[in-house]
Amino acid sequence: MPADRPPRPAPALPRRVRVGYGLGSLATGTFSTVPGLVLLYYLTDVLAVPAAVAGAAVFLPKAWDVLVNPLVGAASDRSRLRGGPRRPFLLIGACTLPPSFALIFAAPDLRGGAAAGYVAVLFLLAATAYAVFQVPYVTMPAEMTEDPAERGRVLAWRVAFLGVAILLSGALAPAIAHAEGDTPASYRLMGVVVAVLLAAGMFGAWFTTRWAPTAARGEAEPSLRAQLAAARTNRPFRHLAGMWTLQALAIGVMLAGVQYFATYTLGSASAVTPLFACMIGPLVLFMPLWNRLARRKGTRYAQWCASLLYIAGALALAFTGAAGPVLGYLAVAAVGIAYAGLQLLPLTLLADTLAADAVRTGKRRTATFTGLWTAAETLAFALGAGVFALVLAGTGFRSSDADHEVAQPAAALTGIAAGMSLLPAVLAAASLWLLHRYREEAQPTAVTPTATAPKAAPKAAPNEDLTRAD
């Protein structure tokens, strides 16, 4: 081939591969949303589990993901199973996560500590099954194509299905759970319905990616210790990951508190559905506006704006009890607008940072850094429920079952309001110090909802987990 002839463009992926891969986000978005939204409340207000014990039952299984994710990644990298290194793991996850999830909410007639033990064991199995699916799933776009534009089209479908999953599962799960007055039967039905949604996304992604080509292979470090050692050499990544971990923790605390805020501050358990719609509804609506601001003023500037808006909205929530429900809904809507930016902008900053690392080191370490990013995010969201549970326990919250409603002391009501508002605001404010310390080492990229990679270093572009929350 003559030296002056441009390289032949990579072939476009079949549309069924792009759409089918995106289907997997129905599962990742649903499993990231529903347990954080309903599981703690299910334990304390349906199964009469003390708040501190319930917090441990929710936190520990998800914290396990931080340890199991590197093991799954290493096993997938070394896999010689028929069907490629990734798809067999997708199938294993698809066969195990939906039934495990349904069984979480199908507890026998247990209350208190026994119920917590049952839920914790099933949630641990579900979290492990999720890791088996998610870790290979997020590495696949880079291995399908080395063309950043084509990868962007793949991730566009992932973002679209992620938004659908968060909105659908976040509205549907509480509505079903509260349809019959928070009874074990209503939660059991909710578990089955959500399990069907999980199965649809996971089996859909597994089946359709059978037609995906393999253009490249990237490998993560084989252990969490090796990943942490690599991260120590990249100061911008440490500051950025630290900032997002604190912000994810703030979001996790607020997500765990939404149901309690609806029940005890707004006076209606069913109010959680419009509250959640106000929080998540702006995700798709306002993301293009954050995109435009980032292009005009820079991604870091837009991240400052989104963070400050989140803090303002969280602080306004503290006055809902005095000002009335309207302020609560407006404040949650402001939080939702900020959340749209917080879903997109840190991932774009991550793209710049990892592209710069590839240029600086000559190594393709995207899998390593995105694995750490995912682990930190998972831990933060899990810890959010645990922290809110500690707030409940510390303020004297009284657990109950579905048949016996109990009056809460004034301190517990104050704790719910503060845990939903002041605590997330403080955590988000602390993250601003790390955002201030963060300095980009690459030219900023144009922000898109697909979080595609910088043109300056297309072969080193981040590819794995450049969407939320999965």
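Me: Are Y41 and Y260 buried or exposed?
Reply: Y41 and Y260 are buried, where buried means under 20% relative accessible area, exposed over 50% and partly exposed in between, with a 1.4 Å probe and protein chains only. Do keep in mind that this is a predicted model: local features need pLDDT of at least 70, side-chain atom pairs count only at pLDDT 80 or more, and totals for chains, interfaces and linings use all residues. Residues are numbered from 1 along each chain as its sequence is written, and side-chain values use heavy atoms, leaving out hydrogens and water.

Me: Thanks! How many aromatic pairs does a search of the whole structure find?
Reply: The search gives 16 aromatic pairs. Rings of Phe, Tyr and Trp (its six-membered ring) pair if their centres lie within 6.5 Å; planes under 30 degrees apart are stacked, over 60 edge-to-face and the rest tilted.

Me: And why is the pair of Y41 and Y260 edge-to-face?
Reply: Because their planes are at 75°, with the ring centres 5.3 Å apart. The pair joins distant parts of the chain, 219 residues apart: Y41 sits in helix α1 (residues 15-45) and Y260 in helix α8 (residues 235-265). Helices here are DSSP runs of H or I with at least four residues, numbered from the N terminus.

Me: What about W206 and F207, how do they pair?
Reply: That aromatic pair is tilted, with 6.5 Å centre to centre and 55° between the planes. W206 is partly exposed at 24% relative accessibility, and F207 is partly exposed at 40%.

Me: Which rings are linked into a cluster?
Reply: Ring pairs connect F31, Y42, F101, F105, F123, Y130 and Y187.

Me: Switching to the surface: which residues form a nonpolar patch?
Reply: W64, L67 and L124 do, with about 260 Å² of accessible area together. Patch residues have over 30% relative accessible area and no salt bridge; nonpolar side chains (Val, Leu, Ile, Met, Phe, Trp, Tyr) are joined within 5 Å and like charges within 9 Å. A salt bridge puts a side-chain nitrogen of Lys or Arg within 4 Å of a carboxyl oxygen of Asp or Glu. Areas come from the Shrake-Rupley method with a 1.4 Å probe, and for residues only the protein chains shown count as cover.

Me: Where does L124 lie?
Reply: In helix α4 (residues 112-144), and L124 counts as partly exposed at 33% relative accessibility.

Me: Last one: where is L285?
Reply: L285 is in helix α10 (residues 282-297) and counts as exposed at 63% relative accessibility. L285 and I337 are 8.5 Å apart in space, C-alpha to C-alpha, and 52 residues apart in sequence.

Conventions
Helix = DSSP H or I, 4+ residues; strand = E, 2+ residues; numbered from the N terminus.
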